[in-house]
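Colleague: I would like to learn how to read a model like this one. Please take me through it feature by feature.

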Amino acid sequence: MTKKIVIKIGGTAATQLSPAFFETIKIWQKQDAKIIIVHGGGNHISSLMAQLNEPVQKVNGIRFTTQKGIEITKMALLGQVQPDLVETFRLNSVAAIGLNAGSNQLLTGHMLDQDVYGYVGAIHQVNSQLIQNMWQQNLVPIIAPLAMSNDGQWLNVNADHAATAIAKYMQADELYLLTDVSGVKVSGNMLHKITPQKALELQESHVITGGMVPKISSAIHAVERGVHNVHITNTVTHPGTIITL
Ligand SMILES: Nc1ncnc2c1ncn2[C@@H]1O[C@H](COP(=O)(O)OP(=O)(O)O)[C@@H](O)[C@H]1O
Ligand SMILES: CC(=O)N[C@@H](CCC(=O)OP(=O)(O)O)C(=O)O
């Protein structure tokens with residue numbers, strides 16, 4: 001059976017993609033695996049916000065996003081991060097195409113809670129046919145973490161949540177959340193394999209903080225919705241922390 005793999009590449013991880021990363025992608029493609037990339041870029045968004053005098057505010061690792069913040073987020077993700085990543089894939093001989101929520105209604109979402117997060121969304125629909133069409137052309141879709149509401153409002157989506165929603169809708173087998181740490185750590189020691197139950201306990205005991213919070217909640221959600229394994233790691237060649245049933 002064809003394996004489907006979703007890889008979320010965080011803003012920092014995107015600048016550290018090694019030749020081994022691309023070799024692994026090519027090996028998976030030869031094995032007929034279908035790959036989707038979802039990129040982050042929170043670091044780029046924050047630095048563009050600083051330049052444009054827009055305050056950076058986070059609630060549980062999620063950015064509070066104003067209407068001006070949405071415009072800046074689009075500029076950073078669609079003007080800087082995504083084109084650079086597509087070019088990095090080309091330089092490493094992996095054919096890829098950059099896509100966003102507005103690409104033939106790729107990602108439709110609704111507002112999470114405007115009072116708490118502003119213009120931040122959750123994805124509730126994916127144009128899976130568009131992704132299938134890209135796969136048929138041997139293109140790897142590289143997708144920005146934004147959603148479009150039914151009435152045409154752009155929404156900022158945490159990239160871990162976006163990757164999880166896409167993995168769920170595409171019935172992916174594996175989800176990689178690539179970040180700047182080798183895995184989930186407790187007292188400095190990396191955990192190799194945890195159940196969603198254990199992940200929840202870690203979250204409730206506040207061992208997990210900041211940007212790791214949306215990763216753990218994403219991993220729990222993904223595994224409970226049928227994704228076999230979620231890897232929190234800094235590279236696809238290293239399993240990192242595996243969240244699985
Ligand atoms: N228990 C933990 N184990 C590992 N990292 C953790 C933990 N708790 C918090 N973190 C933090 O989460 C960060 C990863 O989240 P983030 O910086 O948002 O990554 P990304 O931009 O890749 O989404 C790590 O750099 C680390 O500082
Ligand atoms: C709503 C929300 O928090 N959106 C994120 C989208 C980018 C992201 O998640 O990037 P990383 O994966 O690199 O952190 C943000 O604005 O930072």
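Colleague: Start with the sheet: what is the order of its strands?

Modeller: First the terms. Strands (E, at least two residues) and helices (H or I, at least four residues) are DSSP runs, numbered from the N terminus. Two strands pair if DSSP finds at least two bridges between them. Here an open sheet of eight strands runs β5-β8-β2-β1-β11-β15-β16-β14, with mixed pairing. At the edges stand β5 and β14 (193-194). Each has a single partner strand, so one side of each lacks a neighbour in the sheet. The model is predicted: local features need pLDDT of at least 70, side-chain atom pairs count only at pLDDT 80 or more, and totals for chains, interfaces and linings use all residues. Residues are numbered from 1 along each chain as its sequence is written, while chains are lettered from A and ligands numbered from 1 in the order in which they are written.

Colleague: In which sense do β1 and β2 pair?

Modeller: They pair in the parallel sense, over six bridges. One example is valine 6, whose bridge partner in β2 is isoleucine 36.

Colleague: And which strands pair with β15?

Modeller: Take β11 (residues 174-178): it pairs with β15 in the parallel sense over five bridges. Glutamate 174 has asparagine 229 of β15 as its bridge partner. With β16 (residues 241-243), β15 pairs in the antiparallel sense over three bridges. There, valine 230 stands opposite isoleucine 243.

Colleague: Where do side chains point in a strand?

Modeller: In a regular strand they alternate between the two faces of the sheet.

Colleague: How many residues of β15 are buried?

Modeller: Count neighbours to decide. A residue is buried if 20 or more other C-beta atoms lie within 10 Å of its own, exposed if 12 or fewer, and partly exposed in between; C-beta atoms are placed from the backbone. In β15 (residues 229-233), four of the five residues are buried, so the strand is largely enclosed by the rest of the structure. For β1 the count is five of the six, so that strand is largely enclosed too.

Colleague: Now a helix. How far apart are the end C-alpha atoms of α3?

Modeller: Work out the expected span first: 1.5 Å times one less than the number of residues. Helix α3 (residues 67-91) has 25 residues and should span 36 Å. Its end C-alpha atoms are 35 Å apart, which agrees.

Colleague: Where does α3 have a kink?

Modeller: A bend is the angle between two axes, fitted to the seven residues ending at a residue and the seven starting there. In α3 a kink of about 30° lies at glutamine 82, shortly before proline 83.

Colleague: What do the buried residues of α3 pack against?

Modeller: Contact means that two C-beta atoms, placed from the backbone, lie within 7 Å. The buried residues of α3 include Ile72, Leu77 and Phe89. Their packing partners include α2, β2 (34-39) and β5 (96-99).

Colleague: Which residues have a positive phi without being glycine?

Modeller: Asparagine 53 is one of them, with a phi of about 55°. It sits in the loop between α2 and β3 (58-59). Asparagine 53 has 7 C-beta neighbours inside 10 Å, so it counts as exposed. Glutamine 105 is another, with phi near 55°. Its loop lies between β5 and β6 (107-111). Glutamine 105 has 13 such neighbours inside 10 Å, so it counts as partly exposed.

Colleague: Last, the ligands. How many residues surround ligand 2?

Modeller: A residue is near a molecule if its C-beta atom, placed from the backbone, lies within 6 Å of it. Ligand 2 has 17 residues around it, and the closest are Gly11, Gly40, Gly42, Arg63 and Ala159. Around ligand 1, Gly10, Thr179, Lys185, Gly211 and Met212 come nearest.
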